[in-house]
Amino acid sequence: MGDPRNVAHAKKVSQEKHHKEKHAPKAGPAPSQRPKNVQTEKKEAAPVAESTAPKAEAPKPTPPVEPTQLEKSLVVLSKLKELEFHSRANIEKLAELSLTIEEELKQKKFAEAIGAVYSAQDAFQSKIVKLIEDYEAECTRLRPPG
């Protein structure tokens, strides 16, 4: 058997060829061999079909669907919650590292530095939790009654 890449390529080519043949016009005489009156009948039939199609579509205008303010706000809320989740995970990791640096490695100067990072992450955590609470209240306000 040949190289698997060649086999895969040959399979892909044959599938594409089969797909093109499937969607090609049905077999019949070549365009130059068709009687002229058949072509004119087809051309006349097409405009009639086209003229009725727009009338059928006119009553149902379908404007592009834009997400509402609530839907967009819920996406933002979801992303804020994701940030809060990662923030909580960072705090846990920083606490573990702090213990390792202070107690196992006895590196006091780095323990202070990681303590400062922990404090900053804790402040971020507090602020994002408050923001999420406020934003959830806004999303609730945007929800239609019912």
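Which residues does Leu-70 touch, not counting residues up to four places away in sequence? In the predicted model, Leu-70 touches Cys-139, Leu-142, Arg-143 and Pro-144 when such neighbours are set aside. Leu-70 is found in helix 3, and with a relative accessibility of 16% this residue counts as buried, because the limit for that class is under 20%. The C-alpha atoms of Leu-70 and Cys-139 are separated by 6.3 Å, although the two residues stand 69 residues apart along the chain.

The overall architecture is considered next. The protein contains 4 helices and 0 strands, and the pattern read along the sequence is α-α-α-α. Of the 146 residues in the protein, 12% are buried. Among contacts between residues at least 6 apart in sequence, 75% join residues at least 24 apart.

The average pLDDT of the protein is 77, and 57% of the residues score at least 70. Over residues 49-54 the pLDDT stays under 50, and for this stretch the model has 0 contacts beyond four places in sequence. Where pLDDT is low, predicted coordinates should not be read in detail.

The packing of helix 3 against helix 4 was then examined. The angle between helix 3 and helix 4 is about 160°, and their axes lie 9 Å apart. Because angles over 145 degrees fall in the roughly antiparallel class, helix 3 and helix 4 are roughly antiparallel to each other. Their crossing is left-handed.

The largest nonpolar core comprises 6 residues, namely Leu-70, Leu-77, Leu-80, Ile-128, Ile-132 and Cys-139. Helix 3, spanning 69-104, and helix 4, spanning 108-142, are the elements that give two or more residues to this core.

Residues up to four places away in sequence not being counted, Ser-73 touches Tyr-135, Cys-139 and Leu-142.

Gln-121 is found in helix 4 and is buried, with a relative accessible area of 16%. With neighbours within four places in sequence excluded, the contacts of Gln-121 are Ser-87, Asn-90, Ile-91 and Leu-94. Phe-124 also lies in helix 4. At 36% relative accessibility Phe-124 counts as partly exposed, because this value falls between the limits of 20% and 50%. Phe-124 touches Leu-83 and Ser-87, again without residues up to four places away in sequence. Ser-87 is accordingly in contact with Gln-121 and with Phe-124. The C-alpha atoms of Phe-124 and Glu-84 are 8.8 Å apart in space, and the two residues are 40 residues apart in sequence.

Gly-115 is another residue placed in helix 4. With a relative accessible area of 27%, Gly-115 is partly exposed. From C-alpha to C-alpha, Gly-115 and Ala-95 are 8.5 Å apart, against a separation of 20 residues in sequence.

The connection between the two helices contains a backbone feature of note. Lys-106 lies in the loop between helix 3 and helix 4 and has a positive phi of about 55°, although this residue is not a glycine. Most residues other than glycine have a negative phi. The side of solvent accessibility is given by a value of 58%, and Lys-106 counts as exposed because that value is over 50%.

How values were computed
Residues are numbered from 1 along each chain as its sequence is written. This is a predicted model: local features need pLDDT of at least 70, side-chain atom pairs count only at pLDDT 80 or more; totals for chains, interfaces and linings use all residues. Side-chain values use heavy atoms; hydrogens and water are left out. A nonpolar core is a set of buried Ala, Val, Leu, Ile, Met, Phe, Trp, Tyr and Cys residues joined through side-chain atoms within 4.5 Å. Buried means under 20% relative accessible area, exposed over 50%, partly exposed in between (1.4 Å probe, protein chains only). pLDDT is the predictor's confidence in each residue, from 0 to 100. Contact means heavy atoms within 4.5 Å. Axes are lines fitted to C-alpha atoms, for helices over the stretch in contact, and angles run from 0 to 180 degrees between N-to-C directions. Angles under 35 degrees count as roughly parallel, over 145 as roughly antiparallel, 65 to 115 as roughly perpendicular and the rest as oblique. A crossing is left-handed if the near helix is turned anticlockwise from the far one by less than a right angle, and right-handed if clockwise.
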